[in-house]
Amino acid sequence: EKVLQRIANAGYRPTALDVSAVSGAFVQQQQAHRALELFRLIGVAGTKSERGSAAPTENHDDSRAATIDTFHSLVHCFGEVGEPGEALKVLQAMQSEGLQPRADTYNLVINACAQSGDCDRAVEAFNDMQRRGIRPNAGTFNRVIYAFGAVGRSDKVMDVFHVMQRLGIEPTVVTYTSMVNAFVQSNQPDKAVEVFQLMQQQGIRPDEVTYTSMINAFVQSNQPDKAVEVFLLMQQQGIPPDEVTCN
């Protein structure tokens, strides 16, 4: 970090690869704030790919890719330490540098917001992603559904699911399980059962988390016999129940 600062003070513009390497080291050490400070201090706009000469196209592409990867790592790091606001700032800084975030970078931002219960910011990132023409994937929708479920806004879950279908994106087991969880957490076991049945109709095999959520749904609706049926079905499918399921 000090080396890069001295180089910058001497009038030399570090390459994007230089900045990326040092920032990446901070990210690996879970020091995302220091990495972001370095980006703000040095900047990545106008960096050279080769010392003292114009950058060849191939090297320029390498520098650009390295910079995008570092921003992506920063977003991930802030998400891991529970700071979605900082993750969003990194995303905005990336855009201000003229760099196009990838879908998986947006997914990290949305996930960071969802994990911290900040559903509004998760939706903000989701909407921004679409405005910029970046196609969401199944992982994106899974995280948005989780975000709504985590704050009890299960009324929005089916809306998100319908958008997913309209875009022709195939739901995964995580999609359906997140929906089931959302309805279970909002005390709507009947809705959870509907989603579980739809999942089976679509040929998606439930996993351990899905079965556990369905058992909880039947317990909530005072249907212990159904809960036992799901438990037995789980075993028939060769999915061993864990301690949470048994409880």
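Reader: Let me start with one residue. Which helix does Gln95 lie in?

Author: Gln95 belongs to helix H5, which covers residues 84-96. Keep in mind that we are looking at a predicted model.

Reader: What makes Gln95 count as buried?

Author: Gln95 has a relative accessible area of 16%. Buried means under 20%, so with its 16% Gln95 gets that label.

Reader: And which residues does Gln95 touch?

Author: If you leave out residues up to four places away in sequence, Gln95 touches Pro101, Tyr106, Asp128 and Arg132. Contact here means heavy atoms within 4.5 Å.

Reader: You mentioned Ser178. How do you know that Ser178 is buried?

Author: Ser178, which is found in H10, has a relative accessible area of 14%. The cut-off for buried is under 20%, so Ser178 qualifies. Not counting residues up to four places away in sequence, Ser178 touches Asn142 and Ile145.

Reader: How far apart are Ser178 and Gly149 in sequence and in space?

Author: Ser178 and Gly149 are 29 residues apart in sequence, and their C-alpha atoms are 7.5 Å apart in space.

Reader: Now for another pair of helices. How do H11 and H12 cross?

Author: The axes of H11 (residues 189-201) and H12 (residues 208-220) come within 9 Å, and the angle between them is roughly 145°. The crossing is left-handed.

Reader: Which residues meet there, and how do they divide by class?

Author: Pro189, Ala192, Val193, Phe196 and Met199 in H11 meet Thr210, Tyr211, Met214, Ala217, Phe218 and Gln220 in H12. The contact of H11 with H12 has 9 nonpolar, 2 polar and no charged residues.

Reader: What about the loops? What makes Asn187 exposed?

Author: Asn187 is in the loop between H10 and H11, and its relative accessibility is 54%. Exposed means over 50%, so Asn187 passes that mark.

Reader: What is the phi of Asn187?

Author: Asn187 has a positive phi of about 60°, although it is not a glycine. Most residues other than glycine have a negative phi.

Reader: Where is Asn222, and why is Asn222 called exposed?

Author: Asn222 sits in the loop between H12 and H13. With 66% relative accessibility against a cut-off of over 50%, Asn222 counts as exposed. Asn222 has a positive phi of about 60° and is not a glycine.

Reader: Why is Pro241 called partly exposed?

Author: Pro241 is in the loop between H13 (224-236) and H14 (243-246). Its relative accessible area is 25%. Buried would need under 20% and exposed over 50%, so Pro241 falls in between and is partly exposed. Pro241 and Glu208 are 33 residues apart in sequence but 6.9 Å apart in space, C-alpha to C-alpha.

Reader: Stepping back, how many helices and strands does the protein chain have?

Author: The protein chain has 14 helices and 0 strands.

Reader: And how much of the protein chain is buried?

Author: Of the 247 residues in the protein chain, 43% are buried. The accessible surface is about 12600 Å², with 47% of that belonging to carbon and sulfur atoms.

Terms used:
Residues numbered from 1 in each chain as written. Predicted model: local features only at pLDDT ≥ 70, side-chain atom pairs only at ≥ 80, totals over all residues. Heavy atoms only, no water. Axes fitted to C-alpha atoms, helices over the stretch in contact; angles between N-to-C directions. Helix = DSSP H or I, 4+ residues; strand = E, 2+ residues; numbered from the N terminus. Left-handed = near helix turned anticlockwise from the far one by under 90°. Nonpolar A, V, L, I, M, F, W, Y, C, P; charged D, E, K, R; others polar. Buried < 20%, exposed > 50% of the residue type's maximum accessible area, 1.4 Å probe, protein only. Areas by Shrake-Rupley, 256 points an atom, 1.4 Å probe, with all protein chains shown as cover.
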